[in-house]
Amino acid sequence: MPKKPKKTAAPKTSRTKTILVVTGIALLISSIFAIAQITKRVAVADDTRIYIPTGADYGDLCDTLAKHNVISQTTTFALMSKLRGLDKHVKSGSYVVKPGMTYLQLVQKLYTGNQNPIRITIGKYRTVRGLCDGVATQMEFTPDTLYHILTDKAFCEVYHHTPQTIIGAFTQNTYEVYWNTSPKRFVERMMMETDAFWNDERCRKLEALGLSRNEVVTLASIVEEETNKGDEKADIASVYLNRLRKGMRLEADPTVKYATGDFTLRRILAKHLQTPSPYNTYLNTGLPPGPICLPSSESIDAVLANKKTAYIYFCAKEDFSGYHNFAATYQQHLSNAARYHKALNQRRIK
């Protein structure tokens, strides 16, 4: 009796190939999806600056990104953040999100704290409080935290300043700083910038003038308040330098305005001249205790120029051009002042 033929099993190689093909397709699809997610780009069309305050958590970060419409797929961003550890590692600062940036690049930037500096402008502030208020609008810290440092006598002494002269430790300019810089670190940075401002040439002129840096800045602050005409600042500085050398009172109207605290005054009257204050140079001989504003480099250089003149007096011109008439004698000055006061009265400026 013939034997039945044995059933032959399906070739294993064929089945294996099928599994490999299916697996390969799955991996390919998965890879394509993963690449699509990794290369997903932010939704902004222009450079967008975001601010992450100190102490912010991942939820705060996501709220900020949503507020600025940075990401369109929150699930994808959340997955990448979790894989990188950003969800538990938020760093404060100010960051610029650029068009075309991928989610992966954004996550990496935020995770490493690779923030972008801001540009902060320091202008002609008249008081330390005004300086603190103005600077704090551009930084993370509050005005009061900066004011506390700048009015701390011990802190000021470390830098050879007093709370009255500390405003002179700043220099009018625009700087690049990190938004979340601490107030103390910010002041230290400004001290370094001011030290750099006082280069060898300015220090030589300072020595020749025979005044300290604080004294020059204080005198420059008066020049700054007297005129915005750069071509006559050295002449005005010469008047006050001549008065200092003769032991005369400076009798500078801007110091009276500072003493009253009313910076809206357009005309200094006799009653204002009696304002009791160490800043009132009509009542006190010599320079005031500190600057009456933060002067520009132009005004500082005008003082350092130490221009030689015989001028002892000056008065605003009656044409209201912003320029001044200068005089070497009191009689000549009275004549100049009479013309100016007549013009004030005609315009009813009080």
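On a 1 Å grid over the protein atoms alone, a pocket is an open set of points with protein on both sides within 12 Å along at least five of seven lines, and its lining residues have an atom within 4 Å of a point. In this predicted model, local features need pLDDT of at least 70 and side-chain atom pairs count only at pLDDT 80 or more, while totals for chains, interfaces and linings use all residues. Residues are numbered from 1 along each chain as its sequence is written, and side-chain values use heavy atoms, with hydrogens and water left out.

**The largest pocket**

- The largest pocket has a volume of about 1300 Å³, a volume being the space filled by probe spheres set on the grid points, which are joined across faces, edges and corners.
- Its lining counts 43 residues, and those nearest the centre are Glu 226, Asp 253, Ala 316, His 324 and Tyr 340.
- Seven residues of this lining come from H15, which is the largest share; helices (H or I, at least four residues) and strands (E, at least two) are DSSP runs numbered from the N terminus.
- Among the other elements that each supply at least two lining residues are helix H10 (213–226) and strand E5 (313–316).
- By class, the pocket lining has 24 nonpolar, seven polar and 12 charged residues, where Ala, Val, Leu, Ile, Met, Phe, Trp, Tyr, Cys and Pro count as nonpolar, Asp, Glu, Lys and Arg as charged, and the others, Gly among them, as polar.

**Glu 226**

- Glu 226, which belongs to helix H10, is buried, a term for under 20% relative accessible area, with exposed meaning over 50% and partly exposed in between (1.4 Å probe, protein chains only).
- Glu 226 has no salt bridge, and the nearest side chain of opposite charge, Lys 257, is 8.8 Å away; a salt bridge is a side-chain nitrogen of Lys or Arg within 4 Å of a carboxyl oxygen of Asp or Glu.
- For charge, Lys and Arg count as positive and Asp and Glu as negative, whereas His and the chain ends are not counted.

**Positive phi angles**

- Most residues other than glycine have a negative phi.
- Asn 69, in the loop between helix H2 (58–67) and helix H3 (74–84), has a positive phi near 55°, and this residue counts as exposed because its relative accessibility is 55%.
- Phe 320, in the loop between E5 and strand E6 (324–327), has a positive phi of about 60°, and this residue counts as partly exposed because its relative accessibility is 28%.

Note on methods. 1 Å grid on protein atoms, 1.4 Å probe; cavity = no way out; pocket = protein on both sides within 12 Å on 5 of 7 lines; lining within 4 Å.
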